[in-house]
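Please keep the 3D view open as you read.

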Amino acid sequence: MPWSPNLAIGVKQIDDQHKMWFEKADALFEAGKNRREKEYIGEMLKFLDEYTKKHFSDEEKYMSEIGYPGLAEQKKAHADFVARLDKLRAEYEKSGGSISVILGANTMVIDWLTNHIAKMDRKIGEFTGSLK
Ligand SMILES: [Fe+2]
């Protein structure tokens with residue numbers, strides 16, 4: 001499932017990063033479905049991991065700049081997801097590069113992104129709107 005306009009929260013920098021985030025997740029799972037070599041998939045997984053961390057840190061910086069009251073809750077959700085991705089990478093490495101590990105995580109990752117954006121990040125947009 002790709003990013004769709006109903007996931008827009010109305011803060012351009014965050015929306016742009018969310019789109020890119022879906023693209024990176026999608027590229028990883030496509031590589032898995034197409035049975036690309038394990039080094040390539042490992043590289044994509046690393047990419048997604050790094051992009052996720054960068055996105056979370058930018059989003060947290062934005063929340064802190066606007067004095068967003070839900071920052072602590074967001075930080076916790078972000079840390080939980082980073083831990084899940086770390087676990088996924090560790091499992092992938094332990095399995096010797098098993099594609100099924102990656103494909104099995106597809107739904108988990110996409111569901112998490114969609115839910116998190118629709119429920120928690122949406123409120124950042126609403127708060128931003130209330131400041132104007
Ligand atoms: Fe978030």
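Helices α1 and α2 cross in a left-handed sense, where left-handed means that the near helix is turned anticlockwise from the far one by less than a right angle, and right-handed means clockwise. Before going further, please note that this is a predicted model, in which local features need pLDDT of at least 70, side-chain atom pairs count only at pLDDT 80 or more, and totals for chains, interfaces and linings use all residues. Residue numbers start from 1 along each chain as its sequence is written.

The axes of α1 and α2 come within 10 Å and cross at roughly 165°. That makes α1 roughly antiparallel to α2 (under 35 degrees counts as roughly parallel, over 145 as roughly antiparallel, 65 to 115 as roughly perpendicular and the rest as oblique). Axes here are lines fitted to C-alpha atoms, for helices over the stretch in contact, with angles from 0 to 180 degrees between N-to-C directions. The helices themselves are DSSP runs of H or I with at least four residues, strands are runs of E with at least two, and both are numbered from the N terminus.

On the α1 side of this packing, the contacting residues include Gln13, Met20, Trp21, Lys24 and Leu28, while the α2 side includes Tyr40, Met44, Phe47, Tyr51, Asp58 and Tyr62. A contact means that two C-beta atoms, placed from the backbone, lie within 7 Å. The residues of the α1 and α2 contact divide into 15 nonpolar, five polar and three charged. In this scheme Ala, Val, Leu, Ile, Met, Phe, Trp, Tyr, Cys and Pro are nonpolar, Asp, Glu, Lys and Arg are charged, and the others, Gly among them, are polar.

Now for the other helix pairs. Helix α1 (residues 12-33) and helix α4 (residues 99-131) have axes that come within 9 Å and cross at roughly 165°, and these two helices are therefore roughly antiparallel to each other. Their crossing is left-handed. Among the α1 residues in this contact are His18, Phe22, Phe29 and Lys33, and they face an α4 set that includes Asn106, Ile110, Leu113 and Asp121. By class, the contact of α1 with α4 has 14 nonpolar, three polar and two charged residues.

Helix α3 (residues 71-94) packs with α4 at an angle of about 170°, the axes being 11 Å apart. This pair, too, is therefore roughly antiparallel. From α3, residues such as Gln74, Phe81 and Tyr92 take part, and from α4 the partners include Val101, Trp112 and Met120. The α3 and α4 contact has nine nonpolar, two polar and one charged residues.

Stepping back, the protein has four helices and zero strands, following the pattern α-α-α-α along the sequence. Its radius of gyration is 15 Å, close to the 14 Å that the globule rule gives for 132 residues, so the protein is as compact as a globular protein of that length. That radius is taken over C-alpha atoms, and the rule is 2.2 Å times the number of residues to the power 0.38. The C-alpha trace spans about 50 × 25 × 20 Å along its principal axes. Among contacts between residues at least 6 apart in sequence, 69% join residues at least 24 apart.

What share of the 132 residues counts as buried? The answer is 17%, with buried meaning 20 or more other C-beta atoms within 10 Å of a residue's own, exposed meaning 12 or fewer, and partly exposed in between, all C-beta atoms being placed from the backbone.

| Residue | C-beta atoms within 10 Å | Class |
|---|---|---|
| Phe22 | 20 | buried |
| Ala77 | 18 | partly exposed |
| Thr114 | 15 | partly exposed |
| Arg35 | 10 | exposed |

Phe22 belongs to helix α1. Leaving out residues up to four places away in sequence, Phe22 touches Pro2, Trp3 and Leu113. Phe22 and Ile110 are 88 residues apart in sequence, yet their C-alpha atoms are 7.8 Å apart.

Ala77 sits in helix α3 and touches His116 and Met120, again not counting residues up to four places away in sequence. Thr114 lies in helix α4, and its C-alpha atom is separated by 9.7 Å from that of His18, 96 residues apart along the chain.

Finally, Arg35 is in the loop between α1 and α2 (38-65). Its phi is near 50°, a positive value in a residue other than glycine.
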